[in-house]
Amino acid sequence: MTVDYEIGKRTAEGMTHMICIEGTHGCENPKPCQTELIVLEYGTYNGNPVTKILLKPLTDCAPYHMILHAYFLHIPMEAEPIEVMAGDPFMTSIDPKWVLELGRLVQEIYQSF
């Protein structure tokens with residue numbers, strides 16, 4: 001699935017450190033942004049339904065827009081690219097509150113063929 005929204009700077013008081021999508025009140029200077037969204041896993045966290053996803057930017061994005069909850073971050077800086085990798089905290093072996101729903105994931109993979 002491709003997510004296709006224009007992203008801009010949020011100008012509302014107390015929210016200037018955040019970004020926003022086009023049409024949001026106080027969204028300044030939105031620019032085109034496309035991101036590929038891939039579902040990795042379904043499960044529950046602390047009994048609540050959750051979905052683990054992979055987001056792959058397709059258009060140029062400012063590096064500070066890509067940092068939140070990143071597993072792998074590649075910032076193609078001209079002088080020297082930056083690559084950072086973190087462990088996946090959403091695994092039952094690390095946090096027992098995360099429970100994978102394997103049946104649902106297998107069913108979606110099967111239906112995609």
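Let me start with a definition: a surface patch here is built from residues with over 30% relative accessible area and no salt bridge, joining like charges within 9 Å and nonpolar side chains (Val, Leu, Ile, Met, Phe, Trp, Tyr) within 5 Å. Areas come from the Shrake-Rupley method with a 1.4 Å probe, and for residues only the protein chains shown count as cover. A salt bridge is a side-chain nitrogen of Lys or Arg within 4 Å of a carboxyl oxygen of Asp or Glu.

Two notes on the source. This is a predicted model, where local features need pLDDT of at least 70, side-chain atom pairs count only at pLDDT 80 or more, and totals for chains, interfaces and linings use all residues. Residues are numbered from 1 along each chain as its sequence is written, and side-chain values use heavy atoms, with hydrogens and water left out.

Now the overall picture. The protein has one helix and seven strands. Along the sequence they run β-β-β-β-β-β-β-α. Helices (H or I, at least four residues) and strands (E, at least two) are DSSP runs, numbered from the N terminus. Of the 113 residues, 12% count as buried. Buried means under 20% relative accessible area, exposed over 50%, partly exposed in between, with a 1.4 Å probe and protein chains only. The accessible surface is about 9,000 Å², and 59% of that belongs to carbon and sulfur atoms.

Next, the patch. Ile 38, Leu 40 and Leu 54 make a nonpolar surface patch of about 220 Å². Leu 40 sits in strand β3, residues 27–45. Its relative accessible area is 37%, so Leu 40 is partly exposed.

Thr 35 is also in strand β3. Is Thr 35 buried or exposed? Thr 35 counts as buried, at 16% relative accessibility. Beyond its neighbours within four places in sequence, Thr 35 has contacts (heavy atoms within 4.5 Å) that include Met 1, Val 3, Leu 55 and Pro 57.

Now the charges. Side chains of opposite charge can pair when their charged atoms come close. The whole structure holds two salt bridges. In one, Lys 52 meets Glu 41 at 3.2 Å, N to O. Lys 52 is in strand β4 (residues 48–57) and Glu 41 is in strand β3, eleven residues apart. Lys 52 counts as buried because its relative accessibility is 13%.

Asp 88 and Lys 52 form a salt bridge at 2.7 Å, N to O. Asp 88 lies in the loop between β6 (82–85) and β7 (98–100), 36 residues from Lys 52. Asp 88 is partly exposed, at 23%. Through shared partners, Glu 41, Lys 52 and Asp 88 join into one network.
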